[in-house]
Amino acid sequence: MAAEEAKLSTAEVLRETRTYGKFRCHNPSCMGRLEPKAGDKTVRCPGCGMEFRVHWIRPDFPRIRGPVWETNRKLAEEALKKMEDK
Amino acid sequence: MALNRKIAYIDLTTGEITTAPIPIDLRRKFLGGRGLDAYLLLNHTRKGCDPLGPDNRLLISGGLLTATCASATARTHVMAKSPLTGLLGSTNMGGFFAPELAWAGFHHLVIRGKAKEPVYLFVNDGKIEIRSAKKLWGKTTTETQWAIRDELGDDEVKSLVIGPAGENLVRFANVMTGIKNSGGRTGMGCVMGSKNLKAVAARGTMDIAIAHPVEALEYNKRFIEQITSSKVNQTQGTLGTPFIWGATNSWGGLRTRNFQYNQLEYADDVEPERLDEIAEETCGPHHMAGCFGCQVHCRAKYRIPSGPYAGRYDEGPEYTSQGAFASEPGCTNAVTVLTGNHLVDQYGVDNLEIGSIISWAMELYELGIIDKKQTDGLDLRFGNDEALLEMVHRICQRKGWLGDTLADGGVQASEKIGKNSFDFLIQVKGMSNLHSDERATPGLALNIATASRGSDHLRSRPAIDLYHLPEPVLRKIYGSPVAYDGPLSSEHTEYIGKPWQVFWQENCYMAVDCLGICKYHTVFLGATHPNFEDWPKVIFHNTGLEFTPQQIWEVAERANMVERLFNLREGLSRTDLKKGDMLNHRYFDEPTRRGAPGVVGRFIDREKFKKMVDEFYKFKGLDSEGVPKAETLKRLGLENEPTKQI
């Protein structure tokens with residue numbers, strides 16, 4: 001058990017992959033890394049055009065509060081139309 | 001030590017109580033908690049037993065590690081045949097009860113029979129007493145807990161209780177402990193009510209010896225550091241589980257208006273950040289609380305800021321109350337969510353089930369399948385906050401035709417309502433699913449279709465797949481402790497690889513349920529949280545038992561198979577819409593209409609879904625009908641079950 005103890009487990013090794021100050025775009029087919037500037041209230045994804053409201057858990061720890069609803073609806077309707085046109 | 005905690009058999013009909021040690025070979029086969037409960041349920045009930053009859057067994061337990069130096073071992077497990085589904089009933093809750101039960105000398109209680117009049121059990125330092133609960137009958141869940149403490153003259157007594165919903169045999173009534181720790185899903189509170197059992201109280205001062213105390217504490221520091229440093233748990237500790245609801249709504253994975261939509265737009269007033277503001281305004285800056293031995297502190301304390309219940313104290317709300325009182329009924333008012341959450345806590349009823357079933361009734365009302373005659377004049381349209389809260393009262397009190405009908409659960413209600421009402425009921429195995437929409441995520445759809453207690457997110461959900469982790473990270477997680485070199489995918493719309501990921505999670509979730517650890521301390525929401533490789537160290541330091549990660553995996557596989565055996569015995573068949581591993585037709589026929597561009601227009605492909613189930617069965621060692629093969633039962637040491645060893 002002592003030898004195993006000294007060894008880092010998979011979960012502990014994966015800890016190195018954590019990132020702070022960034023989050024991923026909530027569009028699952030995009031998932032681009034977004035890095036809002038300190039205090040930013042919204043952020044737009046350059047990859048897919050989604051726009052999000054930002055909440056700050058801590059000054060160095062942002063998270064997505066939710067989409068900007070107007071942009072969200074517009075993109076959803078465009079995506080639906082594209083599918084219907086197909 | 002933890003291993004000398006006993007099992008007690010209580011017959012409420014005769015008043016007979018016996019206790020027994022738990023054989024070490026059963027510990028090695030099932031550890032404790034949910035795994036050992038599943039073994040006991042299969043062994044102590046007969047095929048076809050009435051869930052509300054005296055022969056049904058009610059099992060209450062802690063895990064192998066409960067109340068040791070291990071972190072977050074607060075979970076209490078309750079199991080019985082479900083009056084909601086007719087299949088496996090099982091629930092798991094946080095709080096402080098299971099540790100108190102362990103300090104009182106017991107890890108498992110097996111309760112049978114029916115008391116002539118309301119009673120409660122008092123478990124105290126190795127003794128168990130049956131006491132009258134006549135004065136408690138009719139009280140809410142918190143009133144009951146305080147009344148028991150008053151009667152016993154001890155504020156440290158912890159109780160599992162039912163509220164009026166359980167007394168009224170609402171088939172999705174909860175077992176509750178504390179203000180809001182809820183044993184929801186599958187109606188275990190209804191089983192307690194059917195036995196005239198109002199509560200189980202525990203008070204214990206019996207030490208639990210730790211096998212290697214210094215090492216246990218040293219290792220636990222490392223474990224805690226791993227848990228508290230994760231982003232997901234830091235967010236949980238700030239916003240609680242509503243943060244998951246917020247994120248899910250953001251991308252469009254939230255079941256809305258009974259599955260007509262997959263996103264609640266303009267939901268700013270019910271978002272986690274707004275609820276957190278209200279908690280801070282009404283309960284101050286330190287408004288997050290935790291369960292026994294947990295560092296995450298995911299539970300908000302709040303007072304209802306306005307309305308008829310203004311000033312009332314409660315805790316939460318969780319994701320499920322946001323679903324029940326916001327997205328499902330199409331309401332966007334924080335006070336409605338906080339009030340609804342308070343009502344379900346006090347009545348002792350499953351917020352998830354009640355929110356789902358009311359929103360189903362709302363759709364039936366808007367479609368004209370039911371009308372004001374059935375609703376007793378109530379205008380039960382989506383977005384009507386008052387009607388929503390009124391229906392909570394009616395269901396819990398079984399008041400009016402619709403309230404009484406819905407109190408029997410969706411499947412039975414659909415038979416009474418008739419027409420094509422069942423087509424609109426979003427359920428698996430008779431249980432409504434989390435207020436989530438899995439049409440864009442086949443892996444999650446497979447999880448809810450095959451979960452042992454019905455549509456459920458806490459049995460095998462590969463939630464981390466939504467993080468789009470790189471393949472090497474997925475390989476590290478899903479390739480251990482059992483070698484796997486098949487496909488894996490973190491693409492949300494993918495079907496390939498998901499059966500293994502669901503199978504792996506099914507075993508991971510079962511393992512923590514056997515140990516008594518909270519799922520926020522494993523790979524449920526955090527890829528870097530402890531799993532199979534970490535648990536042998538915790539078990540060894542605390543109990544002295546040696547396990548390899550592979551052996552823990554095998555325990556989990558075995559316990560999952562016992563649950564499968566129980567369900568098969570009670571009528572599970574693969575494609576049965578009411579008792580099978582099958583989804584409502586809307587998953588296959590109606591595409592999503594809202595959310596992020598990568599989510600819009602998604603639905604589950606029927607053929608690919610079938611292939612996923614086939615593959616999942618293969619990993620579990622089942623045949624194409626979902627029945628275990630003889631060699632699988634032999635490999636897991638289950639070929640002679642039920643063996644009635646205890």
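Two strands pair if DSSP finds at least two bridges between them.

**Strand 3 of chain B**

Strand 3 covers residues 58-61 of chain B. In a regular strand the side chains alternate between the two faces of the sheet. Here B:Leu58 and B:Ile60 point one way, B:Leu59 and B:Ser61 point the other way, and all are buried. The strand has the two partners tabulated below, both in chain B.

| Partner of strand 3 of chain B | Residues | Sense | Bridges | Bridge pair |
|---|---|---|---|---|
| Strand 4 of chain B | 76-81 | antiparallel | three | B:Ser61 and B:His77 |

**Contact between chains A and B**

On the side of chain B, 40 residues are in contact with 35 residues of chain A. Helix 8 (231-239), helix 9 (242-251), helix 18 (471-478) and helix 20 (535-543) of chain B each give two or more residues to that side. Helix 9 of chain B supplies the largest share, five residues. By residue class, the side of chain B that touches chain A holds 13 nonpolar, 17 polar and ten charged residues.

**Confidence in chain A**

The mean pLDDT of chain A is 89, and 94% of the residues score at least 70. Within chain A, confidence is highest in strand 3 (residues 42-44), at a mean of 97, and lowest in helix 1 (residues 2-6), at 64. Where pLDDT is low, the predicted coordinates should not be read in detail.

Notes
Residues numbered from 1 in each chain as written. Chains lettered and ligands numbered in written order. Predicted model: local features only at pLDDT ≥ 70, side-chain atom pairs only at ≥ 80, totals over all residues. Contact = placed C-beta atoms within 7 Å. Helix = DSSP H or I, 4+ residues; strand = E, 2+ residues; numbered from the N terminus. Nonpolar A, V, L, I, M, F, W, Y, C, P; charged D, E, K, R; others polar. pLDDT = per-residue confidence, 0-100. Buried ≥ 20, exposed ≤ 12 C-beta atoms within 10 Å, placed from the backbone.
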